[in-house]
Amino acid sequence: MMPNIILMISVALVLPVYLEAIHGLYPFGHPELFYKKSNCKPIPTTLLLCHDIEYSEMRLPNLLGHETMKEVLQQASSWIPLVQKQCHPDTKKFLCSLFAPVCLDDLDEPIQPCRSLCERVEQSCAPVMSAFGYPWPDMLDCSRFPEDNDLCIPPASVDSFVPTTKEVPQVCDACKDKEENDNEIIENLCKNDFALKIKVKEISYINGDTKIIPETKSKTIYKLNGVTERDLKKTVLWLKDGLQCTCDEINDINAPYLVMGQKLDGNLVLTSVKRWQRGHREFKRISRSIRKLQC
């Protein structure tokens with residue numbers, strides 16, 4: 001499996017598993033693969049990437065070679081942060097044409113995205129992915145898709161774009177920028193079970209939650225309460241409902257972060273995420289508060 005992120009591109013972006021997600025893409029130069037027996041399946045409500053798409057049934061296997069709904073759900077969730085970045089109005093349409101291609105009973109050949117649809121999305125979204133260290137994948141090379149015709153999915157016309165009326169995803173509670181005085185910083189530290197300074201190794205999405213794996217060597221422990229060394233041996237941090245909100249705080253996978261949270265049902269759940277900025281006034285205050293911490 002390729003490293004998990006997309007920093008999501010949250011994108012929150014963070015889409016590292018996107019490479020695995022397109023690994024099985026059918027070679028478009030071999031049309032015989034398109035005639036593999038397929039079934040029309042209702043698009044499940046749990047396929048959040050394609051929620052509220054314009055059609056209700058999808059084709060399996062899909063155009064990425066996924067043959068089970070479980071595989072589709074697992075891989076599609078990694079692309080939600082890119083859609084949330086709103087880098088192009090047709091990002092969802094393009095991705096869903098691959099993950100959940102429209103299924104018509106009387107048409108054997110799958111309906112592909114038009115090349116122009118791919119090119120417009122790539123032009124707008126490739127720079128976003130590149131900013132997080134991820135190139136536009138070779139398997140989504142737009143030359144693989146057909147020139148515009150009556151049997152492919154075209155981009156929306158410019159006139160149909162609604163640029164300012166889209167609902168902007170809310171910021172995750174743990175990622176909201178909060179100004180705190182010294183007493184509030186200490187109070188926040190004391191009410192949490194752990195405080196760590198970390199760098200992020202991987203970010204992925206499971207059942208709507210964001211799963212964060214820190215770099216082991218980068219970890220600095222400031223506070224532990226009810227969290228054991230065993231818990232930290234293979235640290236996994238969770239941002240609850242991370243696919244339903246954005247966390248620009250963790251957009252940079254190379255930056256250090258101060259994270260705090262609580263141990264809930266055996267999981268280390270984040271309540272606060274702050275990008276660590278050496279020399280920044282707020283972090284000087286946090287460092288002082290940690291040194292004199294008495295809960």
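Visitor: Which residue forms a salt bridge with Asp173, and how far apart are the closest N and O atoms?

Guide: First, a caution: this is a predicted model. Asp173 pairs with Lys176, and the closest N and O atoms are 3.1 Å apart.

Visitor: Is Asp173 buried or exposed?

Guide: Read the relative accessible area. For Asp173 that value is 56%, so the residue is exposed.

Visitor: How many salt bridges does the structure hold?

Guide: There are four. One of them joins Asp90 to Lys93, with 4.0 Å between the closest N and O atoms. The cut-off is 4 Å, so look at that pair with the limit in mind.

Visitor: What are the accessibilities of Asp90 and Lys93?

Guide: Asp90 is buried, at 4% relative accessible area. Lys93 is partly exposed, at 23%.

Visitor: Which salt bridge links distant parts of the chain?

Guide: Take Asp209 and Lys240. Their side chains meet in a salt bridge of 3.6 Å, N to O. Asp209 sits in strand 8 (residues 209-214), while Lys240 lies in the loop between strand 10 (237-239) and strand 11 (256-264). The two are 31 residues apart.

Visitor: Why does Asp209 count as buried?

Guide: Because its relative accessibility is 11%, and buried means under 20%. Lys240 has 42%, so this lysine counts as partly exposed.

Visitor: Now the interior. How do I read a nonpolar core?

Guide: Start with the general idea. In soluble globular proteins, nonpolar side chains tend to be buried together. Here, the largest nonpolar core has 58 residues. Leu49 and Phe94 have the most contacts inside that core.

Visitor: Where is the second core, and how many residues does it have?

Guide: The second core is separate and has seven residues. Among them are Leu189, Leu258, Met260 and Trp276.

Visitor: Back to Phe94. What does Phe94 touch?

Guide: Leave out residues up to four places away in sequence. Phe94 then touches Pro113, Leu117, Cys118, Val121, Trp136, Leu140 and Phe145. Phe94 is buried, with a relative accessible area of 0%.

Visitor: Why is the pair of Phe94 and Trp136 stacked?

Guide: The ring centres are 6.3 Å apart and the planes lie at 20°, so Phe94 and Trp136 count as stacked. This pair links distant parts of the chain. Phe94 is in helix 4 (residues 91-99), and Trp136 is in the loop between helix 5 and strand 6, 42 residues apart. Trp136 has 12% relative accessibility, so it counts as buried.

Visitor: What about Phe94 and Phe145?

Guide: That pair is edge-to-face. The distance is 5.9 Å centre to centre, with 80° between the planes. Phe145 is in the loop between helix 5 and strand 6, 51 residues from Phe94. Both phenylalanines, Phe94 and Phe145, are buried. Ring pairs link Phe94, Trp136 and Phe145 into a cluster.

Visitor: Which residues make the nonpolar surface patch?

Guide: Leu104, Leu107 and Leu151 make a patch of about 260 Å². Leu151 is in the loop between helix 5 (115-131) and strand 6 (152-153). With a relative accessible area of 59%, Leu151 is exposed.

Definitions and conventions: Residues are numbered from 1 along each chain as its sequence is written. This is a predicted model: local features need pLDDT of at least 70, side-chain atom pairs count only at pLDDT 80 or more; totals for chains, interfaces and linings use all residues. Side-chain values use heavy atoms; hydrogens and water are left out. Buried means under 20% relative accessible area, exposed over 50%, partly exposed in between (1.4 Å probe, protein chains only). Helices (H or I, at least four residues) and strands (E, at least two) are DSSP runs, numbered from the N terminus. A nonpolar core is a set of buried Ala, Val, Leu, Ile, Met, Phe, Trp, Tyr and Cys residues joined through side-chain atoms within 4.5 Å. Contact means heavy atoms within 4.5 Å. Patches are made of residues with over 30% relative accessible area and no salt bridge: like charges are joined within 9 Å, nonpolar side chains (Val, Leu, Ile, Met, Phe, Trp, Tyr) within 5 Å. Accessible areas come from the Shrake-Rupley method with a 1.4 Å probe; for residues, only the protein chains shown count as cover. Rings of Phe, Tyr and Trp (its six-membered ring) pair if their centres lie within 6.5 Å; planes under 30 degrees apart count as stacked, over 60 as edge-to-face and the rest as tilted.
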